[in-house]
Amino acid sequence: MNLVVVSNRVARGKANEPMTGGLAAALLPVVENSGAVWVGSSGRVRDGAQREPIAQIEQLGKGAVTLLDLPAAHYAGYYEGFANSALWPALHSRSDLISVSHDDYRSYREVNGFVARALLRFHKPDTLFWIQDYHFLSLGAELRALGIKSPIGFFLHTPWPARSVIDSVPNHRDLVTAMLAYDLIGFQTEDDRENFIACLRADLGLQVRDGIVKSRHGRTRLDVFPIGIDAEKFAAAAAKAASHPDVSRLRRSLHGEKLAIGVDRLDYSKGLVNRINAFDRMWTMHPTLLRAVSLLQIATPSRESIEAYGNLQSEMARLVSDVNGRHGEVDWTPIRYLNKGYGQGVLAGLYRSAQVGVVTPLHDGMNLVAKEYVAAQSAVDPGVLVLSKFAGAANELDTALLVNPHDIDGMARTIAMALSMPLNERRMRHEVMMTKLRGRSIQQWFADFVEALQDGDAAEVEIEPLPAAPAGLLSGRMLSPGQRYH
Ligand code: F6P
């Protein structure tokens, strides 16, 4: 078998380098061990005069990562436009934040077509293509239009929202139709799969039987594959990280005070404002917790050129400064707020230093920070996870303290409760979660999906070409070498 994995963002083989997302960090070890070819964006663009899209190929364990320079004329419309200003807010049920133009959709389709053409060179008779995430909903259809008959799977790392929400994305019907070119579509949770089925029924009049939908494109299987982590490896990294300079400096700075930790991309789906408001409320309701507990909030900047992200950055800066100004003392800062990224190794040590992990997204596909926080804890004296019931991870980590991130008082009470939870209860909750994490590792996720893709009788389908995105590619500005678009 020759596996080709495709995602917009890829990791470059150094687990200690900061990574902005769950997907890249999660795929890194499985690509290294499986020998897959992993294809993604280099983060640079080039114009149409240069026809060779492959910028770089690097060895990654037994596998390899291939970086593509994407078309300059369409990159912004694809990434900042359709993917992250239309799909991302819709997939996270924030139709109020959708902002999109028809040109953005055209760019999205162009980039999907461009990547499909770049993938042709990896195609061999035994190739399986596995496409990741919302950046590439129509990539499978583009591959079919190029005559590829190999199995093509797709995994959605985000939620799939209710029908009324996806309805607000222009061209969503075209996209859902295009998705039916995939032989297998994987979701994080059963809710996401059900929402997608409801959309097939209402928008395309298609019925799903035994998890299979038949369309003019052939058969597509819809299934649930909750993504996991390598819990043992993460636990070992956390134990080892105590000597890391950042970890030991943090521990020395605490002087017996307890620590809560939050680690997120600076994204409106993560519930950061609600979380800071909950800590503010907690210190107001329980003044004995002033100086007794502080919050370390790492919020890694993300998609900064998009207005909604810039607004969130300003709102958070104002809010944290306001809370610190009201509750702080000359020798005590309630919230340490850091706008930078950390490598997995250091993060593991930071998680282990915190008695409470706060993961409170308003909506999230899975949220691997929740799983990593649990795995990083010492089994002898574990911390407590406070987890939003709207994260996919809540389905498995149900002995965490589950909260509604819209209920600020409730969150404040729950965080206070976490801080005073007796040791035997902490151990019991942690053990149950660790058993679940061990039973659903990232390796298992990868193997289950690939096996399901191989098992499908996908190859012999007749594909009608989809309404194509406008032809003609790659004209426009060329960024100078090394200049990054994001
Ligand atoms: O599914 C969401 C995701 O792909 C995550 O893996 C990651 O958190 C995020 O999006 C990365 O976003 P970006 O590549 O835009 O930084």
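Predicted model: local features only at pLDDT ≥ 70, side-chain atom pairs only at ≥ 80, totals over all residues.
Residues are numbered from 1 along each chain as its sequence is written, and side-chain values use heavy atoms, with hydrogens and water left out. Helices (H or I, at least four residues) and strands (E, at least two) are DSSP runs, numbered from the N terminus.

**The six-strand sheet**

- Six strands form an open sheet in the order E13-E12-E11-E14-E15-E16, with parallel pairing; two strands pair if DSSP finds at least two bridges between them.
- Strand E13 (335–338) and strand E16 (401–403) are at the edges with a single partner strand each, so one side of each has no neighbour in the sheet.
- From one strand to the next, the twist averages 20 degrees.
- Strand E12 (residues 293–300) runs parallel to E13, and four bridges join them.
- Helix H14 packs on this sheet, where it touches strand E11 (258–265), E12, strand E14 (356–359), strand E15 (384–388) and E16.
- The direction of H14 makes about 170 degrees with that of E16; axes are lines fitted to C-alpha atoms, for helices over the stretch in contact, and angles run from 0 to 180 degrees between N-to-C directions.

**A closer look at Thr 414**

- Thr 414 belongs to helix H14 (residues 408–419).
- With a relative accessible area of 11%, Thr 414 is buried (buried means under 20% relative accessible area, exposed over 50%, partly exposed in between, with a 1.4 Å probe and protein chains only).
- Beyond its neighbours within four places in sequence, Thr 414 is in contact with Val 386, Leu 401 and Val 403, where contact means heavy atoms within 4.5 Å.
- From Thr 414 to Leu 175 there are 239 residues in sequence and 41 Å in space, C-alpha to C-alpha.

**Strand E2 and its partners**

- Nine of the 10 residues of strand E2 (residues 37–46) are buried, so E2 is largely enclosed by the rest of the structure.
- Strand E1 (residues 2–6) runs parallel to E2 and is joined to it by three bridges; Val 6 has Val 39 in E2 as its bridge partner.
- E2 also runs parallel to strand E4 (residues 63–71), with seven bridges between them; Trp 38 has Val 65 in E4 as its bridge partner.

**Two helix pairs**

- Two packed helices are described by the angle between their axes and the distance between the axes.
- For helix H9 (residues 245–252) and helix H12 (residues 344–352), the axes come within 9 Å and cross at roughly 20 degrees.
- That makes H9 roughly parallel to H12 (angles under 35 degrees count as roughly parallel, over 145 as roughly antiparallel, 65 to 115 as roughly perpendicular and the rest as oblique).
- In this contact, Asp 246, Val 247, Leu 250 and Arg 251 of H9 meet Val 346, Gly 349, Leu 350 and Arg 352 of H12.
- For helix H1 (residues 22–34) and helix H16 (residues 442–455), the axes come within 10 Å and cross at roughly 65 degrees.
- H1 and H16 are therefore roughly perpendicular to each other.
- Ala 26, Leu 27, Val 30 and Ser 34 of H1 meet Ile 442, Gln 443, Trp 445 and Phe 446 of H16.
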